[in-house]
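Here is a short briefing for a first look.

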Amino acid sequence: MLHEKVDRFAQMRVAPQPDSQIRRIVAVMSGKGGVGKSSVTALLASALHAEGLAVGILDADITGPSIPHLFGVEGKATIVRDGIMPKLTPGGIKLMSMNCFLDDETQPAVWRGPMINGMLKEFWSKVHWGPLDVLLLDLPPGTGDVPISLFQMIKVSGLLVLTSPQSLVSMVVEKAVRMGRMMDVPVLGLVENFAWLSCPHCTEKISLYGPSREPAPGSGACRKT
């Protein structure tokens, strides 16, 4: 007889806002910053939306949010009696970010871990996400407090890991892959960003950061962008 895998973090899960009906939750993660994680998250959301899916983005990088800027979304989020309304991109993608609460998007959030985790809990449990096919979590770099808290708070469907050809980045990305396994989050795949560019004159492929590297063992398919 088959049995479902026991949820080790069941007692730590936080329920979403009652009207949120989210089918899949995918975290986009990198072990190191500067590999284009937020840009890939935005592109993935746009591609899924173009396929007819209802998509949302939770910008979990509280101290370095960039998702609203990538979509050209300005202004503060609207707070209602029973929660928070997400901002909408011109195309209809729902999003929530720390920048949706700032008077000036360059204003820093100089916060310690407990305050950051409290805000992330609000993003999950108070935002009226409504019906979504996919909610993307744009995580900050590394394997620290934020991804730990989110993986315990939310039952994440899968993890997409971002890397680039540099040897240092590849080494750090393996840490992210291993963290996903430790937190019982299946790794869906690995995206190698900045793999090459095409010469505008002869279309030759130029590998700016060296040759492509094999994905971490068991990390899933590698897609070059």
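A residue counts as buried when its relative accessible area is under 20%. At 0% relative accessibility, Phe-123 therefore counts as buried. The model is predicted.

**Overall build**
- The chain has 5 helices and 12 strands.
- Its radius of gyration is 18 Å, close to the 17 Å that the globule rule gives for 225 residues, so the chain is as compact as a globular protein of that length.
- The C-alpha trace spans about 60 × 50 × 40 Å along its principal axes.
- Take the contacts between residues at least 6 apart in sequence: 78% of them join residues at least 24 apart.

**Surface and charge**
- The chain carries 22 positive and 20 negative side chains. The centres of these two sets lie 6 Å apart.

**Interior**
- Of the 225 residues, 48% count as buried.
- The largest nonpolar core holds 60 residues. Leu-120, Leu-135 and Phe-151 have the most contacts inside it.

**Around Phe-123**
- Phe-123 lies in helix H3, which covers residues 113-125.
- Asp-59 is 64 residues away from Phe-123 along the chain, yet their C-alpha atoms are separated by 8.8 Å.
- Phe-123 also touches Asp-59. Other residues it touches include Leu-58, Ile-62, Met-96, Phe-101 and Trp-129.

Key
Residues are numbered from 1 along each chain as its sequence is written. This is a predicted model: local features need pLDDT of at least 70, side-chain atom pairs count only at pLDDT 80 or more; totals for chains, interfaces and linings use all residues. Side-chain values use heavy atoms; hydrogens and water are left out. Helices (H or I, at least four residues) and strands (E, at least two) are DSSP runs, numbered from the N terminus. The radius of gyration is taken over C-alpha atoms; the globule rule is 2.2 Å times the number of residues to the power 0.38. Buried means under 20% relative accessible area, exposed over 50%, partly exposed in between (1.4 Å probe, protein chains only). Contact means heavy atoms within 4.5 Å. Lys and Arg count as positive and Asp and Glu as negative; His and the chain ends are not counted. The place of a charge is taken as NZ of Lys, CZ of Arg, CG of Asp or CD of Glu. A nonpolar core is a set of buried Ala, Val, Leu, Ile, Met, Phe, Trp, Tyr and Cys residues joined through side-chain atoms within 4.5 Å. Lists of a residue's contacts leave out its neighbours within four places in sequence.
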